[in-house]
Amino acid sequence: MTKKQATKRKVKEVKPTNEQDSVSEKSEHEEDEDLLQAVKDPGEDSTDDEGIDQEYQTDSSEDLEFESDEEGNYVGVKENNEEESEEDDDDEEDEDEEEDSSEEAAESGDNEDATASEEKPSGSKALPAANKKESKKLIAQITPRDPSKPEYEDSDTSDEEDIRNTVGNIPMHWYDDYKHIGYDWDAKKIVKPPKGDQIDDFLRKIEDPNFWRTVKDPQTGQEVLLTDEDIALIKRVNSARIPNPEHDEYEPWIEWFTSEVEKMPIKNVPDHKRSFLPSVSEKKKVSRMVHALKMGWMKTTEEVEREKKQKRGPKFYMLWETDTSREHMRRIHDPVSAPKRDLPGHAESYNPPPEYLFDEKETKQWLKLKDEPHKRKLHFMPQKFKSLREVPAYSRYLRERFLRCLDLYLCPRAKRVKLNIDAEYLIPKLPSPRDLQPFPTVESLVYRGHTDLVRSVSVEPKGEYLVSGSDDKTVKIWEIATGRCIRTIETEDVVRCVAWCPNAKLSIIAVATGSRLLLINPKVGDKLIIKKTDDLLAEAPSQDVIENERIKTAVQWSTAEALEQEKGVRVVITHFKPIRQVTWHGRGDYLATVMPEGANRSALIHQLSKRRSQIPFSKSKGLIQCVLFHPVKPCFFVAVSELHSGGFSPHLYYITIIAILQTQHNIRIYDLVKQELIKKLLTNSKWISGMSIHPKGDNLLVSTYDKKMLWFDLDLSTKPYQTMRLHRNAVRSVAFHLRYPLFASGSDDQAVIVSHGMVYNDLLQNPLIVPLKKLQTHEKRDEFGVLDVNWHPIQPWIFSTGADCTIRLYT
Amino acid sequence: MEAENGEGQVQVHLKTKQEHYAVPDVPYAIEGSVATTELNIFLNALLQKQGSDGVDFDFLVFDEYLRGRLCDHLREKAISFEDAIEIEYVERFPAPEPQDCLLHDDWVSAVKARDKWILTGCYDNTLNIWTNKGKHKLTIPGHTAPIKAVDWISLNENYGRFVSSSQDQTAMLWQWNIDSNAVECISVCKGHERGVDSVSVSPDGQRFATGSWDTMLKVWSAQLEDSVEGTSKRPRESGVRTPKLTLQGHRESISAVQWMDGQTLLTGSWDHTLKVWDLNLEGIKTEISTNKSIFDASYSSLNKLIVTASADKNLRLYDARTNQGSVVRNTYLGHNAWVQAVMWSTTEEFLFVSGAYDNQNKLWDCRSPKAPLYDLLGHGEKVLDIDWSNPKYIVSGGSDNTVRVFKTKKANIEHMETK
C-alpha cells in the first residue's frame, strides 16, 4: 500500500513540475525572443554561439553579396530577403511548435503558419526592415545547435522540421565532387563550407579548445559546436539513461485503476435482469434480416459484390479454364485436355538446315495448292535468314492465334460415349396381344344371301340374331350361331342403315331405306315381347301437341299398310330427303336420323312413344354426316323422369346428341335439354364416315375417309388423344364393344382391324390402345371393302359387312 | 443320316388287353423309324404263328396313339431311347362306312337315333322319323319355329315317345304309335322365354331337361300324365305342361344339356361355363370356367369325362371330378371351323364323334389329340348335329338338308360274337 501511495504521490508531483516546465519554457522563449532581438544587433551575440557562428557573423557583416559571389548562383538580394523572411517564419513556427508540442504531438504546417502570422505579426514585419541582421539570423538558424534554442529540451521534434537540405536521404558522398551539398527550400545550392587541409585541421585541433565538441552537420556540411547540454545529452544516451535529465524515473505511482478484485460490488444496485436476457428487439432485428436474406430481399455484401462483378461481366474467359483447376476438371467425366500445338521443328527455324528448304519442285507444288492450303504439307515456306535479327514480323501471327482459339473453342471438353439407343426401346411397352385375349382372331362364319353390297349390320341386344341391310333392297335377319337367314324383308329402296333397338324389352328394328324410316318388328326372340311391341306400335297416341310446319313438312308418321304389316313393318316415318343414318338412344324410345341433304333439317329426333319428331337444330352449321346419342348415365335419369308416357319405361329426357358437322370438319356435342353446344371436337379431317362412343361415355372414336381413326378423350381435350393410321384406305366404320375393352374398324382395304382400347376408371391414366388383329377375308368389289362393323353385344365377336354381299363373323 | 433314321434300334415290349391277340411278352428290338404300318406287319407276323388272319392294330405309346414314326413320338414325349418301351396295341376301330343320306326339305338341326329309328328335327319346323335303312316314316309338323333339339324318351315295339324343342320357346312331348304310324302331341311345355336350344331325357325316362336362350335350365316331367300336384290354381289348359324345376345360374344361352345320372345335370353355355347341377340340392355342384362359348358338351358315363365343342376349332376334354391341375385335360385339333356338335360313344370308352362347320364329322379317340381316327365326309354344308346313341350308327344332320348315316362295325363286339 505504501508503495502505491508513494507512486501516486509521484504522479501528482509530476504534474506541477510539468507545469513548471512549460512555464520555464515560456520564460525561455521569451528569452529567445529577447535574444532574437539581440541578434539584430550585430555587436551582441548569444553567449553560446561559438566559432563558426561567429565566423558567419563576421562573414555576414560583409553583406550577402559575398556569398552570392562565392557560389555564383545567387539570383538576387531581394529574393534572398524573401527567403530570409520565410526562413524567419519557419523559425517562428518552430518556436510555436515548441510551445504547443507539450500538448499536441502532431501539428500541421498550415495551422502553424496561421498561428505564427497571428502571433508574430510585428516580428515578421519588422524583419524585412533589417535585412542585414536577418542574414545573420539565418546563419544562426542554419546552425540548429543554437544554444538559445533548446530544441531537444523536453520534446523531440519531427526530423522534417530541421531539414534545410532537400536532396533527401541519399548517400551524401554523391556530392563529394561538387561545391555544394544540396539544395535548400528555394532550390538554391547549399554551398559546402571551405574545407581546410590536414594542417588546418591539426592547427585547429591544437588551437581550438572547442574542437572536440565540433561536429559536422552531414546535411549542410557546416561545423556545429555542441553545447554543454548536447554533450550532457549524448553522455546520458551513451550511458543508457533517459535523455531528459528532468525526467524522474522514480515518481510515486498513482494507482488510478486498482488491480485488486473487490469482493463486494462497488455499486449497490444488482445487475438488471435485462442484462442476462438476450435482447428481444435485437433478436427481432436479426430475424428480420435473416428472413430478408432468405427471401432474397436483402443481400450480403459478398453477394452484392459478386453481383456487381457479374454485372460488369466477364467479357473474356479462359476457353480451357477448367484445365487449370483440377477441382473443376474432376467434375467433367473423362475430360479431354487442351490439344497441344506441335512443337516447332527444324523447318520453322530461321536458319533451317538446307534439306528443309524447298527446292524448286516443292515450291511449285506449295504454290499450286494456294486454293486449298490445308492440303499443303507445311503451312509455310521455310526460309533462311542470316541472323535472327533479320527475321521479319510474322504476318500470320494474328490469324494463327485466332485459329488456335477456334480450335480450342470447338474442341470437345469431355469424351462422350455415344448413346446406343435401340429404336425399339423407344417404342412404348405395349402388352402383348396374347395377354389381351379374348379378341376375334379367325373368321368363323359367313352369312351369305344378299345379292348386293351389304351396307349395315346390327345385332340383337341378347346376341342371338343379326339384322343386315343391303343395296339389294332387302333386310335380312340371321341366326348368329348357325348363319341361317331367318327372314328376309323386302323394301322399296336401297337400305342404307339398320339399327336394332338397344332396349331388350322391345323388338324393333329401325331400317333406313330411301327416304323412309321403317320400324320393323323382326318377330324373333321372346314372343311376349314381340306381342307387346306390336301392341305398342299398333296404337297411335293422340297427338295433343300441334306440330309446327317445319317439322310437318319434313316428317310424316304413318302406320304401315297391310302388305307391309305382313312383312313386319309396323310404322313408317317418311322423311323429305334420303336418310343416311339411323341411331337409337340407349333406352329405345328416341331415335335420330340423318339426311345429309336436308340442309338445316338434316338431323331429326323421333320419339317413338309419342310419335313425334323434333328438329334439334334450327340453323345449319354444316352438312351433318353422323349423329350419336350419349350412352345412358343414371345421374341424369333422376332429373327428368316426369316426362314419361304410356307403355314405355320412364324416359331419359336428357339426351346428349353428338353431331358431326362435316363442312367444318368437327364434332359438336349438344345438350338437347338445355339446347346448347357443350363441346366442339376438332378432327382435322375432311370426311367423317362414322363414330362410336365408348359405353362409359367419355371416349369417342371417329373414323374418317382419309384413312385415319381418331380417339377423342372427351374429358381431356378437344383434339384427338390419338390418331391411328392402321388402314391403307378409307375407314368406313368403327365400333366399340359394350363389355370388352375392344374396338374394331372396317375399311375399304377389306380389312377389319381389332384393337384393344382400355379405358381406365382412374382419370389420370390415359386409355391404352393396342392394335391386335387384322382380319382380311372380305373380297374387294368396286373399290369397296368392308362397309360396316358391329360387335356382338356379349361375346368378343365382330361382324363385318362387305361389298362382296357377305356378312362375316370373326371370333 | 443316323438321326433322321431314328437313332437305331429301340427295345419294345408289346402288350395288349385283348387277350386273343396277345403275343409273348419278350422284348423286341426294332428300328426307331418304324411307323404304324411296319408295326402292324410285324405284329401280324407274330400273330400269324398262332393262326389268325390279318388284323389292323393301333399302337399306344405312353397312353397316346402312335401316329407318326416311333422315334418322333418318343422325342416329342422326351423319352429315352435306352429304355425298354411298352407299346400297347389295340385292334383298330374299323372305319365307319357311309350308309345313307336322308334328304330333308330344310336344314337338319337335330338328330337322334334309337334302335332302328332316326328322329330328326328340321328348320322347316317339322320332325321326321326315319328307319335306319333310310326309309322315311313320318313328318310331324307342330312347332312354329325351327326345331333345335330332339330326344327319345322311350321306345318299344308299339310306341315311341320323344321330345322336341324349338325356337318357338316350347318343347313338345310326342307319342308315336308305330303300328298305325300316328303321332300325338302329348303336351306342349311352355315356360321358356326364348328358343329352347337343347333337350335331354333322364336315364330313367321320367324327366327331361331343357336349356334355353333365356339362360334358364328347366326340368320337366316326361310322364304321359303330368303328375303335377295341384299347386297351380289357375285352370291349366290341356296339354300344356309347366316346368317342375327351373334352375337359374347361367348368364347366357344354355347350348347343351345332358344328364350325368338320375340326379345330376351337365349344362354348357355361351357364357363360357360348364355347370354340373344337383337336382336334389337344386343348385350348382361344380362349375368349370373356360374361355370360349360352349356350343355342345357331352359326358361319358364310361370314363366320366366331358368333351366340349366351343366357339373355336378345338374340342376340349374336361374332368368335372377334380378342380386340381389343369382344367383342360386335352385339346383335340383337327377341325377347320366351329365345332357344333360332339358326342361320346355309349359303348367305347375312348371314342367320340364331332360335327363341325367345316362340313366334316370326325371320329376321335381321346388318346389321340393330334389327329382324329377317321374323318367322316359326306356333308356338303355345315354339320349342325351328330348322334351316336345307337352304337351301330353315327348319324349327323347338316345345313345341306341331309342326314348322313354312317355304319360303324363294332370291332370287338363282332369279335365277341364270332368267338
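B:Val163 touches quite a list of residues: B:Asp151, B:Ile153, B:Ala171, B:Met172, B:Leu173, B:Val199, B:Val201, B:Phe208 and B:Ala222, leaving aside residues up to four places away in sequence. Contact here means that C-beta atoms, placed from the backbone, lie within 7 Å. The model is a predicted one, so local features need pLDDT of at least 70 and side-chain atom pairs count only at pLDDT 80 or more, while totals for chains, interfaces and linings use all residues. Residues are numbered from 1 along each chain as its sequence is written, with chains lettered from A and ligands numbered from 1 in the order in which they are written.

B:Val163 also turns up in the largest nonpolar core, which has 186 residues; together with A:Ala510, A:Ala744 and A:Val752, B:Val163 touches the most other members. Such a core is a set of buried Ala, Val, Leu, Ile, Met, Phe, Trp, Tyr and Cys residues joined through C-beta atoms within 7 Å. Buried means 20 or more other C-beta atoms within 10 Å of a residue's own, exposed means 12 or fewer, and partly exposed is in between, with C-beta atoms placed from the backbone.

As for chain A, 30% of its 811 residues count as buried. The chain has 21 helices and 33 strands, taken as DSSP runs (H or I, at least four residues, for helices; E, at least two, for strands) numbered from the N terminus. From first C-alpha to last, helix 11 reaches 22 Å, close to the 22 Å expected at 1.5 Å a residue (1.5 Å times one less than the number of residues). Just after helix 11, A:Gly296 takes a positive phi of about 85 degrees.

Further along chain A, strands form an open sheet in the order 23-24-25-26, with antiparallel pairing; strands pair if DSSP finds at least two bridges between them. Strand 23 (688–693) and strand 26 (722–724) stand at the edges with a single partner strand each, so one side of each has no neighbour in the sheet. Strand 25 (residues 709–713) pairs with strand 26 over three bridges, and A:Trp711 has A:Gln722 in strand 26 as its bridge partner.

Between the chains, 13 residues of chain A are in contact with 16 residues of chain B. Strand 5 (443–448) and helix 18 (527–538) of chain A each supply at least two residues of the side that touches chain B.

How values were computed:
Contact = placed C-beta atoms within 7 Å.
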